[in-house]
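Please keep the sequence and the model in view while reading.

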Amino acid sequence: MASTIRVRATATGDTTEVQALIQHPMDSGFVKDAKGNLIPPHFIQQLAFECDGKTVFLADWGTAVSKDPYIKFSFKGGNKGDDLKISWVDNKGASDTTTAKIQ
Amino acid sequence: MTATDDQFSEFSATRRLILKGAIVVTLTGLGNFSFGAVPALAAANDKWPEEAFKQKGQADAIKALYGKTAEASDKVKLDAPEIAENGAVVPVSVTTTLADVTSISFLVADNPNALAASYNIPPGTIPSVANRLKMAKTSSVTAIVEAAGKLYSATKEVKVTVGGCGG
């Protein structure tokens, strides 16, 4: 299966800017389906970015993060060609991991 | 071939299919299991703050997450739209000039659960985050920045024309 994570990491000078898009329903547990039944909550709880064996960014998410979440941040360090590891885990225990090269 | 023979072979074919299906299910089940162990390790140094995300009110959520109260600061710059046409996707971002930032959180006061997202900022990461939040209705959006053990906040009112939390 194709990865649910799409990342673009660009190094400019001594900082690296990271933008990521993840495919996930992010169901809040408040929305009803066509039959009027509540759709149970299903959302990403933690999202971690690792570069060079060090966590550079850790997100704790609740149900109020939009469907197919987008995130942007920057960190100091990281060179062109370095690996950036991204992983998430949701409230049902599902997860995905991918590795991107810093451009 | 007689009719009974035919039936027999059909039977065993179905049996084989069922068995195959069972094997596939077990394999995928195992696959998911081993997969789940990897990110759990990566995030093991910081547990997901379940209590804080369960709190309904904004003040309770801040208290559960940080154990203290925040003071408004003009060094926290919160960027959110004046009017959000679609409450399901509200782009919100925050930047700050404060030093030693360890954490940034987003709260939507009138959502069923106020805390939307909380980010750990390790040393070396620039205290600037952009993301997209869901808003049930018109509400104030608050960004909390934890810097050098203190909490600073910025608040902005966002008008929502179509809510993103109900059906």
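In chain B, 35% of the 167 residues count as buried. The model under discussion is a predicted one. Chain B comprises 3 helices and 9 strands, and their order from the N terminus is α-α-α-β-β-β-β-β-β-β-β-β. Among the contacts in chain B with a separation of 6 or more, 67% are between residues 24 or more positions apart.

Attention now turns to the contact between the chains. Chain A contributes 38 residues to the contact, and chain B contributes 38 residues. On the side of chain B that touches chain A, the elements giving two or more residues are helix 1 (3–42), strand 6 (115–120) and strand 7 (125–133) of chain B. Strand 7 of chain B supplies the largest share of that side, namely 8 residues.

Strand 6 of chain B and strand 4 of chain A (residues 54–61) run antiparallel and are joined by 4 bridges. Which residue of strand 6 of chain B does A:D60 stand opposite? The residue in question is B:S118. The reader may locate A:D60 and B:S118 in the model to follow this pairing of strand 4 of chain A with strand 6 of chain B.

Definitions and conventions: Residues numbered from 1 in each chain as written. Chains lettered and ligands numbered in written order. Predicted model: local features only at pLDDT ≥ 70, side-chain atom pairs only at ≥ 80, totals over all residues. Contact = placed C-beta atoms within 7 Å. Pairing = 2+ DSSP bridges. Buried ≥ 20, exposed ≤ 12 C-beta atoms within 10 Å, placed from the backbone.
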